[in-house]
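Hi,

Here is the structure I said I would pass on.

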Amino acid sequence: MKKRGKGVAGMIYAIGSTGKANPSTAIVRVNHDGKSFVYIGAADVGQGVITAMCQIAAETLGLAVDDITMVYHDTEFTPYDYGTGASRVTLIMGNAVKNAAENAKTILLEAAARILNVNQDFLTIRDGKIFLADLPARWVSIAEAAFFSERVLGKPVYGLGSFSPDTSDIDKETGQGRPYSTYVFATQVAEVEVDTATGEVTVLKVTAVHDCGRVINPILAEGQVTGGIAMGIGHALMEEMLLDGETGAVLNDSFTDYLVPTALDVPEEINICFVETEDDFTPYGAKGIGEPANLPTAPAIINAIYDAVGVWITELPATPEKVLLALRQKTERENGGSAC
């Protein structure tokens, strides 16, 4: 017999390292052709960091993303970054890039103000141009401003920016403190089908709602959540490291024995929604969505199993053997000690 159930799980996740400095640094350069180079030390491990940082720089400088060249993954040329982890890059490196781009933009506005003979406070930068907000017909290109700044004013257009969250240690006596500067939130709902004859659990549908601040790139964010759900399914149902009790050696050290989800294990129906609650000190309101995409999936699946067949699986993964054992023990309890 196959039975279906639904489960809900929520999570709160703190962005960045706990109660200590974890800075990022960026350098922005604008050339005479109006193109920009952005140097960052953050590593992209497939989550789309480079694209997001490019978007932040382009938005700040008033350029198209095609006008930005990202320089990364090379510590000989890029400035210091604390590292890609703790879902920190969008918030912390994003702020560093924005600060660096703001500093470069200030130099461009100073040059444009000299060229146009106006106060730079009245200028707007957008679409490769610097123009009077009230009179857009008066403008100079970013390329012209960059050339004028370097060759006439003697100020090459470079911006250096850094950022580290404002945190504090936790008081060991009171438990009080500010270990993180911002948090993200999520709720996920899983619908599963449990085969009571085999113990096999199939995930039929997952709905995920995440508050990760302003979504810089919706396609990348949805990809992050989809990937997190796939990882969560593996965590919940199949991934288990087996160790030799005497030597500690890993017994299932290949993908033949250590099972991970494939496309066939991921439900066809995944519904993703974002709630964009912004913090003032984040880059354009963005916070981050890396590890949080994974966290609610496994508990939602375990709750759904209970809803379907009335047994709690308290040790992951919920393999068919564990589900069958739990069902048998449930039957024994109901029958007063006999599974027959």
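Helix α1 passes α2 in a right-handed crossing (the near helix is turned clockwise from the far one by less than a right angle). This is a predicted model, so to speak of local features pLDDT must be at least 70, side-chain atom pairs count only at pLDDT 80 or more, and totals for chains, interfaces and linings use all residues. Residues are numbered from 1 along each chain as its sequence is written, and side-chain values use heavy atoms, with hydrogens and water left out.

The axes of α1 (residues 49-61) and α2 (residues 89-116) come within 9 Å and cross at roughly 30°. That makes the two helices roughly parallel (angles under 35 degrees). Where they meet, α1 brings residues including Met53, Ile56 and Leu61, and α2 brings Met93, Val97 and Ala101, among others; contact here means heavy atoms within 4.5 Å. The residues of this contact split into 10 nonpolar, 3 polar and 3 charged.

Now for the cores, meaning sets of buried Ala, Val, Leu, Ile, Met, Phe, Trp, Tyr and Cys residues joined through side-chain atoms within 4.5 Å (buried is under 20% relative accessible area, with a 1.4 Å probe and protein chains only). The largest nonpolar core has 43 residues, and Ile40 and Ile130 have the most contacts inside it. Helix α2 gives the most to this core, with 14 residues. Apart from this core lies another, of 41 residues, among them Ala190, Cys212, Ile233 and Ala318.

Cheers

Key. Axes fitted to C-alpha atoms, helices over the stretch in contact; angles between N-to-C directions. Helix = DSSP H or I, 4+ residues; strand = E, 2+ residues; numbered from the N terminus. Parallel < 35°, antiparallel > 145°, perpendicular 65-115°, else oblique. Nonpolar A, V, L, I, M, F, W, Y, C, P; charged D, E, K, R; others polar. Buried < 20%, exposed > 50% of the residue type's maximum accessible area, 1.4 Å probe, protein only.
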